[in-house]
Amino acid sequence: KYEQDLVGRKIMITAGPTVENLDPVRYLTNRSSGKMGYAIAKVAAARGAEVTLISGKTDIKPPENLKKFIRIESAEDMYNAVISNLDENDAVIKSAAVADYKPKTYSDNKIKKKDGDLIIELDRNKDIAYEIGKIKNDKILVGFAAETNDIIENAKGKIAKKNMDFIVANNLKESGAGFGTDTNIVSIIEKDGSMTKYPMMTKEEVASVILDKIKILLDNKSSL
Ligand code: PMT
């Protein structure tokens, strides 16, 4: 069904939520189902790319024909998996919803209920996209921006700070967009600040739009 136009291209995709353990029974996470990232992995592999999919906890079956499938739990695991596979990829698409914070301490035993409130201190996680942006050289880095307000301004800030080639913004408050749905409504923002808003599409259609743009960027680089 898809044209084989990404043969020889090596693309790493991150998908799903991260899980930050608090004790053996509890964790902090978010509502990402992995559908967006898995759709990108599926379409990229179907178009002939060599795909490395790094996935948080999801209920979805990994697509066929992946070069590598790496299951991770925490943001730290995802960081390690991404960095150790970075060299062998031409492009990275960061559709995962990475926790910005993790519990400061992990309790080996279940935390017991006590009188009064419980305060949990959180530490910052590394920003994986930012770390890639610092060392990526001529690799393509595509980010997502999941926002509930001031979408475009926030996305523009992220593209510059994280040295991304473009960013895909989705508004978590719009119905048919964001977490858990089979569709998404996205705006793509370029480095120069120009923006294209797309209508509601399936996540596979969104994947095709993103991959078409990556193909053009990679083709331009190889012809230099
Ligand atoms: O999985 P689904 O249910 O299909 O939902 C899809 C989605 C809503 C999760 C997806 O479309 C999406 O928007 N993913 C990015 C979610 C997110 O974490 O956005 P952010 O605005 O917090 O982060 C911006 C970018 O930095 C993202 O590319 C993110 O992967 C990256 N990041 C963020 C924090 C961090 N510590 N490390 C990162 O690399």
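Which residues does Ser95 touch, not counting residues up to four places away in sequence? They are Ile13, Thr14, Ala15, Met36, Gly37, Ile40 and Phe144, where touching means heavy atoms within 4.5 Å.

## About the model

This is a predicted model, where local features need pLDDT of at least 70, side-chain atom pairs count only at pLDDT 80 or more, and totals for chains, interfaces and linings use all residues. Residues are numbered from 1 along each chain as its sequence is written, and side-chain values use heavy atoms, leaving out hydrogens and water.

## Ser95 in its loop

You will find Ser95 in the loop between β6 and β7 (101–103); strands here are DSSP runs of E, at least two residues, and helices are runs of H or I, at least four, numbered from the N terminus. Ser95 is buried, with a relative accessible area of 12%. Buried means under 20%, exposed over 50% and partly exposed in between, using a 1.4 Å probe and protein chains only. A polar atom of the Ser95 side chain lies 2.6 Å from the backbone oxygen of Thr14.

## The nonpolar cores

A nonpolar core is a set of buried Ala, Val, Leu, Ile, Met, Phe, Trp, Tyr and Cys residues joined through side-chain atoms within 4.5 Å. The largest one has 32 residues, of which Ile13, Ile40, Ile93, Ile210 and Ile214 touch the most other members. Elements giving two or more residues to this core include β1 (10–15), α1 (35–46), β6 (91–94) and α5 (203–222). A second, separate core of 22 residues includes Tyr79, Ala81, Ala145 and Ile151.

Take Ile210 as an example: leaving aside residues up to four places away in sequence, Ile210 touches Ile40, Ile93, Val142, Phe144, Phe166 and Val168.

Helix α4 (residues 151–161) has Ile151, Ala155 and Ile159 as its buried residues. Seen down the axis of α4, they fall within an arc of 60°, so they line one face of the helix; the arc is that of the directions from the helix axis to the C-beta atoms. An α-helix has 3.6 residues a turn, so residues three or four places apart point the same way.

The cover over the buried residues of α4 includes β9, β10 and β12. Turned away from that buried side are the exposed residues Glu153, Ala160 and Lys161. After α4 comes Asn163, with a positive phi near 55°.

## Around the ligand

Of the 28 residues around the ligand (a heavy atom within 4 Å), Ser32, Ser33, Lys158, Asn170 and Gly180 come nearest. An N or O atom in the side chain of Lys158 is 2.4 Å from a ligand oxygen atom.

Key
A polar contact is a pair of N or O atoms within 3.5 Å; within protein, one must be able to donate a hydrogen and the other to accept it, and residues adjacent in sequence count only if both atoms are side-chain atoms.
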